[in-house]
Amino acid sequence: MINSRNIGDLAHTVRIRVEDFLLVCQKQNIDLLITSTYRDIESQDALYAQGRTAPGKIVTNAKGGQSFHNFRCAIDVVPLVNGKPIWDGNDPIWAKLGALGKDIGLDWAGEWKTFKELAHFQYTGGLTIDDLKAGKTIG
Ligand SMILES: [Zn+2]
């Protein structure tokens with residue numbers, strides 16, 4: 001079961017953008033702690049079970065194979081200010097982080113209507129999950 005925090009496990013074009021994102025944030029005195037990059041199907045299924053058939057609260061709507069994490073296209077982050085993670089979603093730093101990510105060309109789940117997730121950024125190159133399942137790659 002793999003739940004990586006390593007940006008080396010991202011698709012190349014995603015990794016390039018994430019590296020830019022980290023640099024731009026650093027210039028704004030925001031360090032990012034990456035809590036997830038690539039997850040395998042088994043790991044995604046375990047996450048999906050959380051809050052449903054396993055203890056904890058629901059953290060995802062995606063079963064194994066339905067998340068861009070499964071295709072090396074997504075990261076979850078938490079901003080660190082003075083070394084401390086800011087988990088409070090009402091903290092204005094999240095909006096700033098979202099804007100910085102979007103400037104780089106990442107999609108930010110913090111403004112999604114269906115399953116808003118402040119921590120989640122992705123780059124899909126216009127591909128859908130079905131495209132990726134069919135074997136298309138973003139490089
Ligand atoms: Zn995510």
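**The zinc site and the pockets**

Three residues hold the zinc ion: His69 through NE2, Asp76 through OD and His120 through ND1, at 1.9 to 2.1 Å. Keep in mind that this is a predicted model. The notes start at the metal and then move on to the pockets.

**Around the zinc ion**
- Along the sequence, the donor residues of the zinc ion follow the spacing H-x6-D-x43-H.
- Asp76 and His120 link distant parts of the chain, sitting 44 residues apart.
- Asp76 belongs to strand β2 (residues 74-81), while His120 belongs to strand β5 (residues 120-122).
- Asp76 has a relative accessible area of 6%, so it counts as buried, the cut-off being under 20%.
- His120 is buried too, with a relative accessibility of 5%.

**The largest pocket**
- Sorted by class, its lining has 11 polar, eight nonpolar and five charged residues.

**The second largest pocket**
- The second largest pocket comes in at about 230 Å³.
- Its lining is made up of Arg5, Thr35, Asp76, Val77, Trp87, Gly89, Trp94, Leu118 and Ala119.
- By class, that lining splits into five nonpolar, two polar and two charged residues.

Note on methods: Residues numbered from 1 in each chain as written. Predicted model: local features only at pLDDT ≥ 70, side-chain atom pairs only at ≥ 80, totals over all residues. Heavy atoms only, no water. Nonpolar A, V, L, I, M, F, W, Y, C, P; charged D, E, K, R; others polar. 1 Å grid on protein atoms, 1.4 Å probe; cavity = no way out; pocket = protein on both sides within 12 Å on 5 of 7 lines; lining within 4 Å. Points joined across faces, edges and corners; volume = space filled by probe spheres on them. Donors = N, O, S within 2.8 Å, 3.2 Å for Na, K, Ca; no water. Helix = DSSP H or I, 4+ residues; strand = E, 2+ residues; numbered from the N terminus. Buried < 20%, exposed > 50% of the residue type's maximum accessible area, 1.4 Å probe, protein only.
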